[in-house]
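I opened a new notebook page for this one. Here is the structure I was looking at.

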Amino acid sequence: MKKWFDPILTAWTGVISHKLRSFLTILGIVIGVGAVIALMSVGRGAESDILSNIQSLGANLVTVRPGVTMSFGGVRGGFSMGGGSSTLTLEDADAIAAQVANISAVSPANSSNLQLNTGEENMNAQVTGVNPRYFEINNISVASGALFSDSEYDSSAKVIVLGSNVATTLFPNDDPIGQQLRMGTIIVRVIGVLAEKGASFGSPDDGVFIPLTAMQQTVAFNRTAQGGHTVSSISLTVSDQAMTQTVIDDLTSLLRTRHHLAATTDNDFNIQSVQDLAETISSAIGTFTILLGAIAAISLLVGGIGVMNIMLVSVLERTREIGIRKALGAREADIWGQFLIEAAFLSLAGGIVGIILGWGVAFTVERLGILTTLVTPDIVILAVSVSVGMGLFFGFYPAWNAARLNPIDALRSE
Amino acid sequence: MIKLEHITKTYPMGKRELNVLRDVNLEIEKGELLAIMGPSGSGKSTMLNLMGCLDKPTSGTYILDGKEVSRLSGGELAQIRGKKIGFIFQTFNLLPRLSALANVELGMRYVGGSDRKKAVEALEKVGLGERITHRPTELSGGEQQRVAIARALVKSPPLLLADEPTGNLDSKSGGEIISILTALHAEQGITLVMITHDAGIARHCQRIVHFMDGQIISEERL
């Protein structure tokens, strides 16, 4: 009758009979578990923050840039070594649109730094010539006015769309829509202002967009040896995210053929998908999170040693009790179990309070706007199982010491 | 009930060996009330520990209740202690943190589990029915020893071993303890082996065995 419950009750009695000592021991585990949860939640928060930032670029975005791909270690994507010899052309973009399957939109883009002058205000801005597809591909929307249309594109209309920062610099007091300004050598009309995207990867806030056809009238495009018009990038949307790798493979073979590259030559362009970027960053931050967790785990280890220390003292103090229990018929396993449960009890209690503490810290940090934090179930499960595991591990030796005491010696001890 | 044959017990002491028991032979009948007397260091406590399966002899055989137990493992000996043997110590050996009732319940803990009703009955039997919630520190020496007797009896063992049960008590409480023990023996036919220095107490027994230098030097039947 209630035999299974007896050892737990005994462990509980052991814990509450030394309240301060048990509290301090539990505190060591609380701090360790709390630190693991708080620090790992910061890592996880940073990861989700950056990933959602990247996703805002357009989840299915693939960008082709000219230059040789150089891979460093395991980092995919590498670095673009552009230089003056841009090889990517408008004609490549047309060929991609015509020949590569599983893509829903393609836009070439050519950027140039040009002076903008309204008569009152004057600034330099990065002007990018694009087709109307560019905005949907890059997840860019308009805040006021309109984006340019296909007919405006086809007719090389001299209309521009301003990034939010450019709009406020050039037209601090007026509504920019409908205003005319000089851009390089031509006069253009503002038809739209883009929604602010904030500081993120490839934010359009500081840019200006114009139909690529109109841009050709003010900026001379470089020509390749084959006579193509070079562009600074080609961006496209993959119609199904699962097909991203297929699209990248198709793009690679198409461009290699078009650029007449020998089998042994490296690509003279590089292709990067948002998915790749997300994976790369996610794995880098994952490593960082593990590092944070490992640092916090050191304090958990110290807490575990505290449990072992207290259990050794406790066994020593209760030597006579162990002798009495043995005389009453307790087997080694009974004594061993009693002290092991007590150790596990201390560390489990510490684990539970530590989760609450760590969660509270993470929540407070987020609420105060210091950092984004994210407590995921796997962190909690990890912290609890590690703390109980440590209780069992560090309780093992003291419990074993207690179990193998000779009953006569134990009874004689004072 | 108990049959000890050619029992020796030696402890290593530096390079020499200390012979605590030297070729002891002793038989105890079921239901017997036996006193062991002798000066300190004569081996009588070691003898009682061997009988209680707290220790193993260096050589010789020990048959308890028809079973040879001197070569059993620690776990098996623990089972025998739990089921067949009740101990009463000079220093009571109660757990100070537990109430009288919880101490008595502990007597059943390792042999089938606690049974509160039985524990209360055992305490009533030794005259402590009113004080079951008291802790050992709140009880007199005589009362503590009565709790210890209740703890030993609660599982109804066939053999009761008492090591100077009145050694720490004044003569009045000591007398009460002895009358409880002898009454138990008379009513329940329990086998009782008791170490004592007090010849007056030993006279309540049926047989007295005298130890000296690890051997039985004389026996007297009363």
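My entries follow, in the order I made them.

**Ground rules.** I am reading a predicted model, where local features need pLDDT of at least 70, side-chain atom pairs count only at pLDDT 80 or more, and totals for chains, interfaces and linings use all residues. Residues count from 1 along each chain as its sequence is written, while chains are lettered from A and ligands numbered from 1 in the order in which they are written.

**Confidence.** I looked up pLDDT (the predictor's confidence in each residue, from 0 to 100): chain B has a mean of 91, with 100% of its residues at 70 or more. The model's scores are ipTM 0.94 and pTM 0.72.

**Domains.** By an automatic or database domain assignment, chain A splits into domain 1 (6–53 + 280–412) and domain 2 (88–267).

**Cores.** I then checked nonpolar cores: buried Ala, Val, Leu, Ile, Met, Phe, Trp, Tyr and Cys residues joined through C-beta atoms within 7 Å. Buried means 20 or more other C-beta atoms within 10 Å of a residue's own, with C-beta atoms placed from the backbone. The largest core has 117 residues, and V36(A), I37(A), I36(B), L123(B) and A150(B) have the most contacts inside it. Helix α2 of chain A (residues 19–55; helices are DSSP runs of H or I, at least four residues) gives the largest share, 12 residues. Apart from this core lies another of 52 residues, including V64(A) and V247(A).

Definitions and conventions: Buried ≥ 20, exposed ≤ 12 C-beta atoms within 10 Å, placed from the backbone. Helix = DSSP H or I, 4+ residues; strand = E, 2+ residues; numbered from the N terminus.
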